[in-house]
Amino acid sequence: MTAVPAVKAALRRQAIETPSWAYGNSGTRFKVFAQPGVPRTPQEKLDDAARVHAHTGVAPAVALHVPWDRVDDYGELAAYARERGLRLGAVNANVFQDDDYRLGSVCHPDAAVRRKALDHLLECVDIMDATGSRDLKLWFADGTNYPGQDDLRARQDRLAEALSAVYARLGEGQRMLLEYKLFEPAFYTTDVPDWGTAYAHCLRLGGKAQVVVDTGHHAPGTNIEFIVALLLREGKLGGFDFNSRFYADDDLMAGAADPFQLFRIMHEVVRGGGYGPQTAFMLDQCHNIEPKIPAIIRSVMNVQEATAKALLVDREALAAAQAAGDVLAANAVLMDAYDTDVRPLLAEVREEMGLDPDPVAAYHRSGWAERITEDRRGGRQAGWGA
């Protein structure tokens, strides 16, 4: 079994990226419930993210979404983040919230619309240059609703052409993370519907193109940890968007629906050599009825707990049981790690980092919620309406 000091050291090194949009108002296609104290600007989102990092110690990066986080000077925004002990993480492009994209963006049959979408993707690389961000994260809502609506192969050709142009624009140390989604908003075909499609495009592009796994973007019963293991084996796992799902793309708090699945995923990450800065551990969540900041803190803690359990797996005993074909013993090794209550261990890690052992309680005692409720009166809250 991995020694406890080594586990603690690994947990202290963990970095979980929080999404700027999770601090704003968000919800479902039916309704967005506004909350008091929600940020009105990207800077206020960073203020809230700094509180999450202050209480957890492992959330130093914030992902941006453009144009939701558009500012006049991205260098100044990066400096604002640094002053608060943060850095700006992945830049997420948005080519799905414009009327021109009704039939798609980079896969659209109209070359003018494709050019508009590509220009935005290239703009996002410019933003990366200004912020020092490493990752460009691409998710496309492109697809079709009816058989015969468009030429499926031609759409893949258009997608490949756009990705190639963006890839050529990437600078030294920059990466493209391609996300996939089973369905929605397109219901007949989706142009990047699964890990295989994303992998095929990334493989053709080269080493700077990696696949990102959103844990909510799979059919019920999909073995996500197998996908993770395979992508790690091929050197193509770029990162995660962690959230939970009961039915489809629910975007609930990470680990809320199936914490055992999150543990199994993290076990493959640790076992496959993916536990490090080369794998972006990002949250992607939609907080509709729960308070934003405590929900994000809870998600960070859930990822920490799954990671701690994965680090505690007795790998020698597991390998021996597997080699002997002892099915029950092998399963028991994993279950022993999963059944371990790691909360006391994580409390010790936090105390050794100079933090309160209970981040949620510490946040509630901080008075931050009351302060932002009072200070952020008036103005237009960040988020999207429904």
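Buried here means under 20% relative accessible area, exposed over 50%, and partly exposed in between, using a 1.4 Å probe and protein chains only. The structure above is a predicted model, in which local features need pLDDT of at least 70 and side-chain atom pairs count only at pLDDT 80 or more, while totals for chains, interfaces and linings use all residues. Residues are numbered from 1 along each chain as its sequence is written, and side-chain values use heavy atoms, leaving out hydrogens and water.

Let's start with strand S8 (residues 209-214), where 6 of 6 residues are buried. Strands (E, at least two residues) and helices (H or I, at least four) are DSSP runs numbered from the N terminus. Ala209, Val211 and Val213 point one way from S8, and Gln210, Val212 and Asp214 point the other way.

From S8 the chain crosses through helix H7 (residues 224-233) to S9 in a right-handed β-α-β crossover, meaning that the path over the helix runs clockwise with the strands pointing away from the viewer.

Val212 is also among the residues touched by Lys137 (heavy atoms within 4.5 Å). Lys137 sits in strand S4 (residues 135-138) and is buried, at 3% relative accessible area. Its side chain makes a polar contact with that of Asp241 at 3.0 Å; such a contact is a pair of N or O atoms within 3.5 Å, within protein with one able to donate a hydrogen and the other to accept it, and residues adjacent in sequence count only if both atoms are side-chain atoms.

Note on methods
Lists of a residue's contacts leave out its neighbours within four places in sequence.
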